[in-house]
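Subject: Structure handover and notes

Dear colleague,

I am passing on the structure below, together with notes on what was found in it. Please read the notes with the coordinates open beside them.

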Amino acid sequence: MKVLITGGAGFIGGCFVRHAVTDSADTIINLDALTYAGNRDSIPVESPRHIFVDGSINDAELLDELFAKHQPDAVVHFAAESHVDRSIDGPGAFIETNIHGTYSLLTAARNYWQSLKKGSRDDFRFLHISTDEVYGSLGAEGYFTEQTPYAPTSPYSASKASSDHLVRAWHHTFGLPTMITNCSNNYGPYQFPEKLIPLMTLNAIAGKPLPVYGDGLNVRDWLYVGDHCSAIRTVLENGVPGETYNIGGNCERTNIEIVKTICRTVNELCSDVSHDCESLITYVSDRPGHDRRYAIDASKIKSDLGWEPVQTFESAIVETVRWYLDNTQWTKRILSGEYRLERLGVAGS
């Protein structure tokens, strides 16, 4: 299979590309604009089976060229601005990439798909990667299902909800064989260190404060990125056009539980760290519009497609922390730009 990947130098897209190059016979055309969270250090070197293109999904001419030149069998659309805090400080980039970019990609994909012969048209797939944040916030009980009404509350989740609606509309209106996945919070190696787990890990190692929003009792479902990518592969190969699949890790944890687990793990794994990492925890004012609880019901992908997560949080978090300890050069290179492990998302306060 020849697959056009967008955002394939980011955290989740990069993991999917690494697995595809290593574990499949696929040829990957990897389109990534290499914004702050995209990094070529995170992906395989170029080869006949991994063709990297530095460019934007908003470049309509480039998209048409890539479809015409490479004739992909499928598109997996990862490219997105994804950090809620950044969407509070600057929503414009989220509108441009997540909404306008998805529209440009859908337009190019539709034009290409309509040019295919019948057999190839029937087999073509467009898989859009999205988030559980489009569903809004839960109370103490219940789970997000594929039928949960959308209720996004941040500029980020609103932009992803908009892109989901566009993808769904391109299927219902034009017949483009699209599918959507909505996942819970991802973690694992190569994650840009503005997200909770890598940020807390690196700060704990360095002896810096560990800022926890509000009372620390916001709940998320945590999904190991390798399990997420195996689910995406399952949907790409066996999913039904027009359908949506929730993907979760069966792992609800409060933020403060996550941070304390990281502290214990760093202290256990790193003999050079002499300080008690939990003493670095600092409660800070909450993020504007901070959703209280996400919990995902992934029974559909399990029953219909036979997917299950393999990793447990207890083992995968140790492997993740160990990866950051063993890959300090990657961290130094990725932090050579503007980002310096500061707290973002205060513009709306």
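The lining of the second largest cavity divides into two nonpolar, three polar and two charged residues, where Ala, Val, Leu, Ile, Met, Phe, Trp, Tyr, Cys and Pro count as nonpolar, Asp, Glu, Lys and Arg as charged, and the others, Gly among them, as polar. The residues concerned are R168, H171, T178, M179, I180, G242 and E243, and the elements that give two or more residues to this lining are α6 (155–174) and β6 (178–183). Of these, β6 gives the most, with three residues. Helices (H or I, at least four residues) and strands (E, at least two) are DSSP runs, numbered from the N terminus.

Before going further, please note that this is a predicted model, in which local features need pLDDT of at least 70 and side-chain atom pairs count only at pLDDT 80 or more, while totals for chains, interfaces and linings use all residues. Residues are numbered from 1 along each chain as its sequence is written, and side-chain values use heavy atoms, with hydrogens and water left out.

Cavities and pocket

On a 1 Å grid over the protein atoms alone, a cavity is a set of points where a 1.4 Å probe fits but cannot get out, whereas a pocket is an open set with protein on both sides within 12 Å along at least five of seven lines, and lining residues have an atom within 4 Å of a point. Grid points are joined across faces, edges and corners, and a volume is the space filled by probe spheres set on the points. V84, E133, T153, S154, R287, P288, G289, H290, D291 and Y294 line the largest cavity, and they divide into three nonpolar, four polar and three charged residues.

The second largest pocket holds about 240 Å³ of space. It is lined by 13 residues, of which L202, I205, A206, T328 and T331 are the closest to its centre, and α7, α11 and α12 are the elements that give two or more residues to its lining.

The buried residues are I197, P198, L199, M200, T201, L202, N203 and A204, and what covers them includes β7 (185–187), β8 (210–213), β9 (219–224), α9 (255–269), α11 (313–326) and α12 (328–334). Just after α7, G207 takes a positive phi of about 75 degrees.

T261 lies in helix α9 and is buried, with a relative accessible area of 17%. Residues up to four places away in sequence not being counted, T261 touches F313 and I317, contact meaning heavy atoms within 4.5 Å.

The sheet

Three strands form an open sheet with mixed pairing, in the order β7-β9-β11, and its edge strands are β7 and β11 (252–254), each of which pairs on one side only. Two strands pair if DSSP finds at least two bridges between them; β7 and β9 run parallel and are joined by three bridges, and N185 stands opposite W222 in β9.

Best regards

Terms used: Buried means under 20% relative accessible area, exposed over 50%, partly exposed in between (1.4 Å probe, protein chains only).
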